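User: Hi! Could you walk me through this structure?

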Amino acid sequence: MQESGLRAENDLDGGRQILKGKRSALFLSVCMLPLVMVATRQADAASHRSMATQGAGSRHAAQGNSSARAADGIIEDIRVSGNTRIETSTILSYMVVRPGDPFSQDDLDRSLKTLYATGLFSDVTLRREGNDLLVRVKENPVVNRIVFEGNHAAKDEDLNKVLTLKPRAVFSAETTADDRQHILQVYAQKARFSAVVTPQIVRLAHNRVDVVFKINEGPQTMIRKVAFVGNRAFSESQLAGVVSSKETAWYHFLGSSDEYNPDRVKYDAELLRRFYLRNGYVDFQVKDIKGELSSDRKSFYVTFTIDEGVRYRLGRVDIRSSLRHVPAESMRKHVELFAHQWYDGKAVQDNATDMEELLQSEGHPFAQVHPEIARNPEKRIINLLFDISEGPRRYIERIDINGNTITQDHVVRAQLPFAEGDPYSASYKKYAKQSVQNLGFFKSSDIKDTPGSAPDRVNVAVDVVEKPTGEFSLGGGYSTDVGVIGNVGLKQHNLLGSGVDAGISGTVSMWQKQADISITDPAFMGRNLVVGADIFFIENSYQTYQSYSEGRYGITLRMGYSYNRYLSQSWNYSLIRRWVNDAWSEASWYILDQQSPSLLSQLSTTVMYDRRDNRMMPHRGYFVSVGGDFAGIGGDEDYVRGKVNGAYYIPLDDLTNSHDWTFSLRGGAGWMADWGNGRHDVIDNFYLGGNNLRGFLDGGAGPRSVGTVPGGHSSEDLLGGRFMYNASAQLNFPLPYVSSMGLGGRVFADMGSVAGVRVKTLYTDPATAGSRYTPISGDTVMPRVSAGAGVSWKSPFGLLNIDLGVPIRRSHNDRTQLLRFGFGQQF
């Protein structure tokens, strides 16, 4: 892309520099004076030698024919002088003439040009002496070292990467001038278009030189304005949120989005194209992009000239199938698009990919689904046809892993969705690359296929670039749960290249202490099996809202495997020593009964089906998980517990013309029962409040003891329950004007309840409890309801979440919490 008025041409040609901009031209012409003088001397010397050589044969040239030149004599010998590093035989090999050739002026001129063209010599003279040809050369100096002065924004190693000139190489003024341009390009990528680079030569003994690049980096050139021309459907502020180039603002001080970068501007054009295609503008075009440098050379004005075209809706949506045993009607239920909705190019391709993967998983490994569109500009509709066919049959002959200097081959192979001998299709490449990259061991990964030994065979190469996988972390933050947090950790995510993740970490906060040693093998024995173990210690001081502290230490053994890309199952066994202590004197008898230590021996499993498009920030899709815990394989607890959770994410692209709006529905339920003579410790119960019911304190909704004796056991302790359910509806949306800062908003409505008192001994009957009589309130399945709004900020310092929840319906004495926030980051 050419940007008008923004780029200066700085070429050194024969000692002259042609610059746009009067001030830069004057400054650079003075700074380049040493190179200009060198190049000028070379030009003068070449002219003088050419005249001398022509003079040697001028008498014979006047005759104007080959017989006259032959009569002038034959070269009997060629003698070379002046060379110290370059062998005489090497110099002779560059020349056109040889002993026995006539003294031809044309051949002598060609020899002279050839010797100069090597770049090895600063001066060459050809002279005839009798029938001998004397060649005198002056070798170009050798570069001793290359030095950068004044560079701060670019490191020496980054600048060295772009240089053609290298230490111990032959110096060339032309190469030095080219390298100067390369350095200016590096600074242009860093938004420093006013940078000035001046090469200087320091001559040393033994025909050596130091090359010094003196750099005046100048200020960064920021983007003052991003403008759009031709937009009608979307406002300038909406499109500004689509492109990655941002107007300069104080809050961009830790980023580079407001620095002008030509490559980023090109990428912005692609982002605009994708955005319009997702919103039905199939004919959209970026007509022109201009980056105009201001007169003070301190800022850029970026203008995108676009042609939106017309917006299309979907017309007919049909399926055609030529795949054996797959009638078109059987696939119609898998079409997620419908007539009259706005055309979305991404949704169309995603739907085709989903159907293709479904067919491949059902025994059609070579199935292909191609979406075909037919425009009708007059009616502004697009007819869509999903063409299902069988692609070429290809099988994997060999898999090669390249570039893994640390990671062992089997670690990479275990992540691939195929093995040697399996069918191969193009869609496998995407998931293979994603799986390898998800290991977190590599800077980059790429999957390439090449023809095998037969037409139906293919070789697959997995190319990776290793990166450091050790991690030392310090962290801090604050949450309403545990107060101010500090943590430290040491991890190795790829221990000895085996893919094993091992680490030790510790967390200290106002109300919590935790230490953990963990190890996980994601491909145990090279199989689809995740195996790991944790040794941990946790101590929680709940005394900001409870009347006791709780601690535990133990070990957990973990195992997991996946049935396919979406369905997985995990198992774990825990052996934990727990205790309740530091109970207040006014704590209820339900808490005082549990101050002795207990041992938990528990086996758990969870099955999850996950079809979310992104597990961190889902926009569409759903997941369902079902789990259970069984306690009683030894230990002091005997119970069984079941849990189910799910969520469904609905994109609101059609309603909002934006991919930043998402509506989600979430829910869950749990139930537990005692089957033996266990202790019935309240710390094993279900609790509701905090993250799963905003507007209420952690555990604040549900059964609790009621204080009865003033000055005695008057504490209201949160006791949890046997049964819990909760549900939530939430709308996520971008915040106007500040979405580019990573700020997003949400509104929500939560509901749920906990019921079923589960304690060691029930003291609710005054006749039998006597002085220990302690009634319980809040034991009801009546739903508690809250609503509110929240903000999330992906700040440079970490993720900040703030939620304001207002209880709408609550039970008597439920503990509420209007404002809840958390902040933290590792660094």
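Analyst: A salt bridge here is a side-chain nitrogen of Lys or Arg within 4 Å of a carboxyl oxygen of Asp or Glu. This is a predicted model, where local features need pLDDT of at least 70, side-chain atom pairs count only at pLDDT 80 or more, and totals for chains, interfaces and linings use all residues. Residues are numbered from 1 along each chain as its sequence is written, and side-chain values use heavy atoms, leaving out hydrogens and water.

User: How many salt bridges does the count come to by this rule?

Analyst: The count comes to 40 salt bridges. In one of them, the side chains of Arg 79 and Asp 132 meet at 3.5 Å, N to O. Arg 79 lies in strand β3 (residues 77–81) and Asp 132 in strand β5 (residues 132–139), so the pair ties together parts 53 residues apart in sequence. Strands (E, at least two residues) and helices (H or I, at least four) are DSSP runs, numbered from the N terminus.

User: New topic: which residues of α12 meet α14?

Analyst: Thr 353, Glu 356, Glu 357 and Gln 360 in α12 meet Ser 427, Tyr 428, Lys 430 and Tyr 431 in α14, with contact meaning heavy atoms within 4.5 Å.

User: And where is Leu 575?

Analyst: Leu 575 lies in strand β24 (residues 567–581).
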